[in-house]
Amino acid sequence: MSIHTPPPELSRRSLLRGIALAGGLAAFGGTLTACSSPTGAGGAGGAAGGTLTLALNRSLVSLDNKLNQFDAAVTVQRAVRQALTRIDEKLTPQLVLAEKFELTAPTQWTVKLRDNLAYSDGTPVKIDDVVTALTMYQQVNGSFLASFFPEWPKVVPVDDKTFTLETESPFPTLDYVMANILITPAGANQPQELQDGVGSGPYVVTAANRGTGEYTLKRNPKYWGIAAKIDTIEVRFMPEESSRVVALRSGQVDVIDSVSPDAVKQLAGLSDIKVETVDGTRLNQLFYNFRKPRSHPLANPQVRQALSHAINGPALIDNVLGGVVTAAAGPVPLTLAGAVKTGEYVYDPTKAKQMLDSLGVKNLEVKIIWESGEFANDASVMEAVAQMLGDVGVKATLQQFEPGGDILKWRQGRAGDWDILGNGFPSPTGLASTMMQGMYAGTAAKEATRDTYHGYVYPAITDLVVKAQSEVDRTARDKLLADAQKAIWDTWPCLWAFVPKAVTARRSQVEGIALTPANNYDVLNVRLGA
């Protein structure tokens, strides 16, 4: 049985968990239970061999996701390191290292590790590795994954394979969020990006060059699950999309990610190329810097809204982004569970000028920063935005950072000042609550360590989001999330935002890619056909 196919126990779990959540946990028993073939597609044939070459649009600087969590990186990282659960292409949690992940009390999940788990060096996966992983993700500075947790669960061992995850408040989506915590042997884990070390995944790293973003992965001969279908995975970093497209068409690479609309048009109709497209869960936005002093014009939400009226979103979508994205209609994508429409970005440059004049804003200058490859056609978008702002009397300067540079320090306010950030924020769980927790649930304590999302701290909004995260009744939780989204929209956090589709292109002999809305896939099931 493939892990992508929910077993009968999962259907029962969904029903029971729905009863538990809707009824205020009047009944427990919701269980994520393992099927007989835990990972990889079942059936005859086994490993088929061959080499798969992936060309990424951003440099993979680590095979650990504490800091480096762009979409395509997840595909490679999870080939080496695994979590207790994973989120599949239907945005449903599936078991990986866990044999069972069960909600057994309002503030308790019971987890059992599989009996045969081992790392690539043959050592067993232990409960202490989970304890250490949670500690390292808490301690690392600047991790957006850490922001997904309204509180960190405490691991309480029951026996050598079973433990509970205990929280002060209910955490009914913990099985989703734990899919992001990759497990490493406790003695080798650190509160930073790991450049080496073993994992429990179907592949091991045999060559790595962080500087060039090139890696070689070989099938793990000691993998505890069903063997991978491909012998070798070669990972390449190609920042220029034109180079990736040429390499794909010529057969130098087999798969490219984050394909732009222009590239899709070039590849459409080619018999030896297949393009995969699904509705995405990522929010791409031009986010304001909320660390400005109160005297600064951008500290005023009316000024922020006025600037949005200068942005011709429809023109950007049609002429720059190829018509394959949608303008955001709220602070999170509507594709996420629990998302609601709260408003829209309206292009009205006359109104923008009038609002700025009435607010006494003259000769405003803004600095826009972003990292190359953050989203398709990012530089063209930024250039167009700068011109649109100029049309209403606002001077915009642009600063582009290369991948692997020091933009993280800038985002934390540690390297230089800026006003607007071109950035993307994924929701690897498919839940609105996760993205809202990460982006909008800032606190003064988090801001002291620069772990908020660009200084966004509104205590009343944070309280709503945290309360929603701990609400076990789904209807009540969605109501709290809706109220929080409306409150967030009123603060006007973005100059403009849009939701792209997840797109990847592959050579036709590459089979078994099940692209998720989070723009990654499980390489374990990928194979090379004739």
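Modeller: Axes are lines fitted to C-alpha atoms, for helices over the stretch in contact, and the angle between two N-to-C directions runs from 0 to 180 degrees. With that, helix H14 (residues 459-469) and helix H15 (residues 474-491) pack at about 155°, and their axes are 9 Å apart. Helices here are DSSP runs of H or I with at least four residues, strands are E runs of at least two, and both are numbered from the N terminus.

Colleague: What kind of model is this, and how are the residues numbered?

Modeller: The model is predicted, so local features need pLDDT of at least 70 and side-chain atom pairs count only at pLDDT 80 or more, while totals for chains, interfaces and linings use all residues. Residues are numbered from 1 along each chain as its sequence is written, and side-chain values use heavy atoms, with hydrogens and water left out.

Colleague: Why is H14 called roughly antiparallel to H15?

Modeller: Angles over 145 degrees count as roughly antiparallel, under 35 as roughly parallel, 65 to 115 as roughly perpendicular, and the rest as oblique. The angle of H14 and H15 is about 155°, and that makes H14 roughly antiparallel to H15.

Colleague: What is the handedness of the crossing of H14 and H15?

Modeller: H14 passes H15 in a left-handed crossing. The term left-handed applies if the near helix is turned anticlockwise from the far one by less than a right angle; clockwise gives right-handed.

Colleague: Which residues of H14 and H15 meet?

Modeller: Contact means heavy atoms within 4.5 Å. By that rule, Ile461, Leu464, Val465, Lys467 and Ala468 of H14 meet Arg477, Leu480, Leu481, Asp483, Ala484, Ala487, Ile488 and Thr491 of H15. These divide into 9 nonpolar, 1 polar and 3 charged residues. The classes are: Ala, Val, Leu, Ile, Met, Phe, Trp, Tyr, Cys and Pro nonpolar; Asp, Glu, Lys and Arg charged; the others, Gly among them, polar.

Colleague: What makes H7 roughly antiparallel to H9?

Modeller: The axes of helix H7 (residues 301-308) and helix H9 (residues 349-358) come within 8 Å and cross at roughly 155°. That angle is over 145 degrees, so H7 is roughly antiparallel to H9. Their crossing is left-handed. Gln302, Val303, Gln305, Ala306 and Leu307 of H7 make the contact with Ala352, Met355 and Leu356 of H9. By class, this contact has 6 nonpolar, 2 polar and no charged residues.

Colleague: Why is helix H12 (residues 432-440) described as largely enclosed?

Modeller: Buried means under 20% relative accessible area, exposed over 50%, and partly exposed in between, with a 1.4 Å probe and protein chains only. In H12, 9 of the 9 residues are buried, so the helix is largely enclosed by the rest of the structure. Among them are Ala432, Met435, Gly438 and Tyr440. The elements covering them include helix H4 (174-177), strand E14 (283-288), strand E18 (420-425), H13, H14 and H15.

Colleague: What makes the group around Leu84 a nonpolar core?

Modeller: A nonpolar core is a set of buried Ala, Val, Leu, Ile, Met, Phe, Trp, Tyr and Cys residues joined through side-chain atoms within 4.5 Å. The largest such set has 128 residues, and those with the most contacts inside it are Leu84, Phe101, Leu165, Leu389 and Tyr440. Its largest share, 7 residues, comes from helix H10 (residues 378-390). Not counting residues up to four places away in sequence, Leu84 touches Val96, Phe101, Phe163 and Met178, among others.

Colleague: How do you know that Ala83 is buried?

Modeller: The relative accessible area of Ala83 is 1%, under the 20% limit, so Ala83 counts as buried. It is found in the loop between helix H2 (71-80) and strand E3 (85-87). Beyond four places in sequence, its contacts include Arg78, Leu97, Ile181 and Ile183.

Colleague: Is His454 buried or exposed, and what is its phi?

Modeller: His454 has 2% relative accessible area, so it is buried. Its phi is positive, about 60°, although it is not a glycine. His454 lies in the loop between helix H13 (444-448) and H14.

Colleague: Where is Phe70, and why is it called buried?

Modeller: Phe70 is in the loop between strand E2 (51-56) and H2. Its relative accessible area is 7%, so the term buried applies. The C-alpha atoms of Phe70 and Pro426 are separated by 8.0 Å, although these residues are 356 apart along the chain.
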